[in-house]
Amino acid sequence: MAEQVALSRTQVYGILREELYQGDDFHQPETHIFIIMGASGDLAKKKIYPTIWWLFRDGLLPGATFIVGFARSRLSVADIRKQSEPFFRATPEEKLKLEEFFARNSSVAGHYDDPASYQHLNSHVNALHQGSQANHLFYLALPPTVYEVVITKNIRETCMSPMGWSRVIMEKPFGKDLQSSDRLSNHIASLFWEDQIYRIDHYLGKEMVQNLMVLRFANRIFSPIWNRDNIACVILTFKELFGTECRGSYFDEFGIIRDVMQNHLLQMLCLVAMEKPASTDSDDVQDEKVKVLKCISEVKAEDVVLGQYVGNPSGEGEATKGYLDDPTVPRGSTTATFAAVVLYVKNDRWDGVPFILHCGKALNEHKAEVRLQFRDVAGDIFHQQCKRNELVIRVQPNEAMYTKLMTKKPGMFFNPEESELDLTYGNRYKNMKLPDAYERLILDVFCGSQMHFVRSDELREAWRIFTPLLRKIEREKPKPISYIYGSRAGEESASSMKAPI
């Protein structure tokens, strides 16, 4: 067997850029201005600035790229460096590269609701490219309540590129329900074309989530069995070890369904269930995802399990505290920290197959995965000694794909046992650094690829599925099932949702 060659991060992205974006404007020697709205916030310092640094370090940004931070507080480049550099993971050997990176940074202070501040920002940006053709990327690292009306309107009226292209990156939450999401989408659509809008769901940038399309549509062996005749159920899981840890005020406003299930898990469901797109063009892929969502009915209350964690008396530290012990959580809150929902895709491929989504905080492990469980083998000759085959795609941690199957146990006796065909990335691709999800997605914005972003009609269908349930929960405030911090209790509650197959 040929020796596996380890690829560096730079080589990986070099291949990506050359193969996927040949002939794109990315290669033109234009100026690019990356403008971070909300440069003083946590998202900017912990994710956006580090991501832009990694792309710059690895030579993946266009040559003339400048980064401009916009915030209400007066930030110097030194301030930006002090707050963000601890998250860069830079080595001592990269000191000169760091100096070069921060030399391309600048900042502008202003008020988000003040048109004069945007005129000042625009003048600053124009001075960076001195009248030459320039492209503008705006990252709205702010809650939608801040940017929904004033910021986006001021950007559109004052700061758009006159000769190049302009793109706007939006972070979730994209509304709280169908109505608020529609209002936000309609407002944004009145200002920008759909191909200028990049709604970012960082899960779509994760290695194994992106691998789902390749796994399905580049392998002949899966095509004949990827249907209701062979698959008994699909389980999509998102589990966290920790609770709210004094960040409960934000979480309590949205809850686990809005925070994880309506976006991350539903996006993974689409990639598992969708038909083969005509191509890897963004619209072709997003069209197929929308078709899946349109085949899913609104969630029914009887198909839902809700839970809320309580303290573990035998635990340590945060594990001894329940959700209601968090001082930032409203007293008596019935907000769920665990949810399990069963959905059905009512089309020819999937009719009758339950898609079980469960997610929660303060559980027994940190894990995100897709698990396809196959039907029992017909005509059992091994007297119920065999378990169902499973295909597992582990998104995090320790990215992997593995198949559970039955083999003969080594030895003299003819006994079957469960074994695995295992592709764990840490073993197969040694010394290869997988890019961060934000790296992939921000590079996609530079390149103009929307394949891994959320389109407006896709967003609307996702909210249509969950809004009636969310309204019922808010109206009736059902008491969630209690589960102990660090247990599998919430997950086990969901096991009763598996209908007989």
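Tyr485 is buried, at a relative accessible area of 8%. Buried means under 20% relative accessible area, exposed means over 50%, and partly exposed lies in between (1.4 Å probe, protein chains only). Tyr309 is buried too, at 3%.

This is a predicted model: local features need pLDDT of at least 70, side-chain atom pairs count only at pLDDT 80 or more, and totals for chains, interfaces and linings use all residues. Residues are numbered from 1 along each chain as its sequence is written, and side-chain values use heavy atoms, with hydrogens and water left out.

## Aromatic pairs

Rings of Phe, Tyr and Trp (its six-membered ring) pair if their centres lie within 6.5 Å; planes under 30 degrees apart are stacked, over 60 edge-to-face, and the rest tilted. The count by this rule is 20 aromatic pairs. Two of them are set out below.

| Pair | Centre distance | Plane angle | Class |
|---|---|---|---|
| Phe88 and Phe101 | 6.0 Å | 75° | edge-to-face |
| Tyr309 and Tyr485 | 5.4 Å | 85° | edge-to-face |

What does the pair of Phe88 and Phe101 tie together? Phe88 lies in the loop between helix H3 (77-84) and helix H4 (95-103), and Phe101 lies in helix H4, so the pair links parts that are 13 residues apart in sequence. Helices (H or I, at least four residues) and strands (E, at least two) are DSSP runs, numbered from the N terminus. Both Phe88 and Phe101 are buried.

The tyrosine pair ties together parts that are 176 residues apart in sequence, because Tyr309 lies in strand E8 (residues 304-310) and Tyr485 in the loop between strand E15 (481-484) and helix H14 (489-495). Tyr309 and Tyr485 also belong to one aromatic cluster with Phe251, Tyr323, Phe338 and Tyr483.

## Charges over rings

A charge sits over a ring if NZ of Lys or CZ of Arg is within 6 Å of the ring centre and within 35 degrees of the ring normal. Arg167 places its charged end over the ring of Trp165, 3.5 Å from the centre.

## Core and cysteines

A nonpolar core is a set of buried Ala, Val, Leu, Ile, Met, Phe, Trp, Tyr and Cys residues joined through side-chain atoms within 4.5 Å. The largest such core has 136 residues. Phe34, Met37, Leu269 and Phe355 have the most contacts inside it. Helix H9 (residues 248-273) gives the most to this core, with 13 residues.

Contact means heavy atoms within 4.5 Å. Leaving out residues up to four places away in sequence, Leu269 touches Leu236, Val292, Ile296, Leu343, Val345, Phe355 and Leu357.

How many disulfides does a search of the whole structure find? The search finds zero. A disulfide here is a pair of cysteine sulfur atoms within 2.5 Å. Cys359 is buried at 0% relative accessibility, and Cys447 is buried at 1%.

## Backbone details

The peptide bond from Lys172 to Pro173 is cis, with omega near 10°. Pro173 sits in the loop between strand E5 (166-171) and helix H7 (178-189). Gln396 and Pro397 are also joined by a cis peptide bond, with omega about -15°. Pro397 sits in the loop between strand E12 (390-396) and strand E13 (400-408).

Arg89 is not a glycine, yet has a positive phi of about 55°. The loop between H3 and H4 holds Arg89. Ala362 also has a positive phi, near 55°, and lies in the loop between strand E10 (354-360) and strand E11 (367-374). Are these two residues buried or exposed? Arg89 is exposed, at a relative accessible area of 58%, whereas Ala362 is buried at 0%.

## Leu43

Leu43 lies in helix H2 (residues 42-57). Leu43 is partly exposed, at a relative accessible area of 23%. Leu43 and Ser84 are 41 residues apart in sequence and 10.0 Å apart in space, C-alpha to C-alpha.

## Whole chain

The protein chain has 14 helices and 15 strands. Of its 501 residues, 52% are buried. Among contacts with a separation of 6 or more, 78% join residues 24 or more positions apart. The chain exposes about 23,400 Å², with carbon and sulfur atoms supplying 51% of it. Accessible areas come from the Shrake-Rupley method with a 1.4 Å probe; for residues, only the protein chains shown count as cover.
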